Structures are given as structure tokens and as C-alpha cells.
Amino acid sequence: MNLIPIFSLLERPQFMFFDRVNQVVGMTKRVANAECNDRDEYGNPIFDWDDIRCDIDRKMTTPTAVAFMPEIYHRERQKYKWFKSIGVVHESSGSVTPSVRFWERYVRFMDKTKPLPDVPEFEVCRHLCPVTAEFDKQNQRPERYWRDMGFDQQMQIEEELDDECSTFDLLAEPPKEDITRPWERWTIDDALKDRMTFKEKCRRIMYQLCFGVR
């Protein structure tokens, strides 16, 4: 696990990235200038967000099993065949819903007319987005809501929302409103806060460094 960053220097990793500020989507891939004229400051090929599409592909994984996988690509697919990415859906790939949720997260993230979704991943960088910072100020959002919450409680909330999504009818029900005040729906449970001793912290760090597990 610790040698992966060193090995990655030998071969440039390829991944797709979404730039909310500049409203572009790019790939860390070496392509000729003839294939893409627009580049970011690092030389990566980029395209306008409006030109990006996503299809949910239905693939046979075994003779009796079907899996759904989201594929992100440029709207001129034949012209830019190299620009595509298959999304990794960790939930049950036998249902189309997780793939739709996968793409919806990116669509929501790229919508600059709305603040960033109030999720743990974005809490430490919400102040960097002017729209989000102003919204949080007006909304009187606690600065450390998710960081002060225990990890076990966060997992419980994730399971609760997963259950809601699994019963949501994509075709019949209208889109749900954003949860803009999660601290009112889920108050922090002190009993579920992380309280690790120094010995426990050392043990977890050792597992992370040696085996790459939490």
C-alpha cells in the first residue's frame, strides 16, 4: 500500500475529473493536440460540462446475471472515442438505481446555481465556493457539524438514506428537495462519538499504514 504512490510515478494514472469552478470535465490522459485543443493548466484535455453525457449500460456478467454500469462520455462519442470512463458502483449492480444515483451526484456537484451538497466529504472545503459560503452564512450552518459527529452515527445516516433511495420510484416520484439543514434532522448523538484511547489510535494507524484497512 505504501509503495503505490512511488509506483504511480512510473506510469501516469488515468482518471476523469470534474471542475465545478470552470465547468469542465477532463482526463489525465496524453492525447495529441489534433484530438483535443482545449487543455487545463496541467496540459490535460478538457471539455465543456454541457458536452458530457452518461449512459447506464446493461452487461451480462455471467450467463444468468446482469449488471448495470454508468459510462461517462463526450456527446460526440465517435469523434472522441478515447474520452470515456466506467463508473464504479459499490452497491448492488443488479439494479439500475445505484448507477443513476452515481451520475446524479456529479450532476448535482456541477450545478453552480446551488450550494455544495451538505455531506461529510465537502465540509472542510465549503468555504471555498462563494455560492456555498453565502448559503451557509444565511442558513446559519454549524461549521463542524459532520466533523463533530461520530463515524458510527454517520454510517447509520448513510444506511437510512440508502434505504430511502432503494424504495424511491425514479419514474413515478418527483425529485426530492435537498437536505439543507441536516443538523435539524439528525442531532449529534454523544454516545456514538469516536472516543479512542492513545493505544487504539496507534493500532488503527498501524493497520492503515501496513494493511491499508481502517
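Which residue of β2 is the bridge partner of F18? I looked this up before anything else. The partner of F18 in β2 is V25. I note here that the model is a predicted one.

**Sheet**

I then went through the strands around that pair. The open sheet has 3 strands in the order β1-β2-β3, and the pairing is antiparallel. I found β1 (16–19) and β3 (46–48) at the edges; each has a single partner strand, so one side of each has no neighbour in the sheet. For the twist I noted an average of 25° from one strand to the next. As background, strands of a sheet pair through backbone hydrogen bonds, in either a parallel or an antiparallel way.

I also checked what lies across these strands. Helix α2, residues 97–110, lies across β1 and β2. The helix runs at about 35° to β1.

**H74**

My next entry is on H74, which sits in strand β5 (residues 65–74). Is H74 buried or exposed? I count H74 as buried, because its relative accessible area is 3% and the cut-off for buried is under 20%. Beyond the neighbours within four places in sequence, H74 is in contact with F47, D51, Y80 and F83. I also looked for polar atoms around the side chain of H74. One of its polar atoms lies 2.9 Å from the backbone nitrogen of E76.

**Helix α4**

I checked the length of helix α4, residues 151–166. At 1.5 Å a residue, its 16 residues should span 22 Å, and the end C-alpha atoms are 22 Å apart, so the two agree. Which residues of α4 are buried? I list Q153, Q154 and I157. Seen down the axis of α4, the buried residues fall within an arc of 105°, so they line one face of the helix. In general, an α-helix has 3.6 residues a turn, so residues three or four places apart point the same way. On the face of α4 turned away from the buried side I found the exposed residues D163 and S166.

**R195**

My last entry concerns R195, in the loop between α5 (182–185) and α6 (198–211). I count R195 as exposed, because its relative accessible area is 62% and the cut-off for exposed is over 50%. I also took its separation from V131. R195 and V131 are 64 residues apart in sequence, and their C-alpha atoms are 35 Å apart in space.

Terms used: Residues are numbered from 1 along each chain as its sequence is written. This is a predicted model: local features need pLDDT of at least 70, side-chain atom pairs count only at pLDDT 80 or more; totals for chains, interfaces and linings use all residues. Side-chain values use heavy atoms; hydrogens and water are left out. Helices (H or I, at least four residues) and strands (E, at least two) are DSSP runs, numbered from the N terminus. Buried means under 20% relative accessible area, exposed over 50%, partly exposed in between (1.4 Å probe, protein chains only). A polar contact is a pair of N or O atoms within 3.5 Å; within protein, one must be able to donate a hydrogen and the other to accept it, and residues adjacent in sequence count only if both atoms are side-chain atoms. Contact means heavy atoms within 4.5 Å. Two strands pair if DSSP finds at least two bridges between them. Axes are lines fitted to C-alpha atoms, for helices over the stretch in contact, and angles run from 0 to 180 degrees between N-to-C directions. The expected span of a helix is 1.5 Å times one less than its number of residues. The arc is that of the directions from the helix axis to the C-beta atoms.
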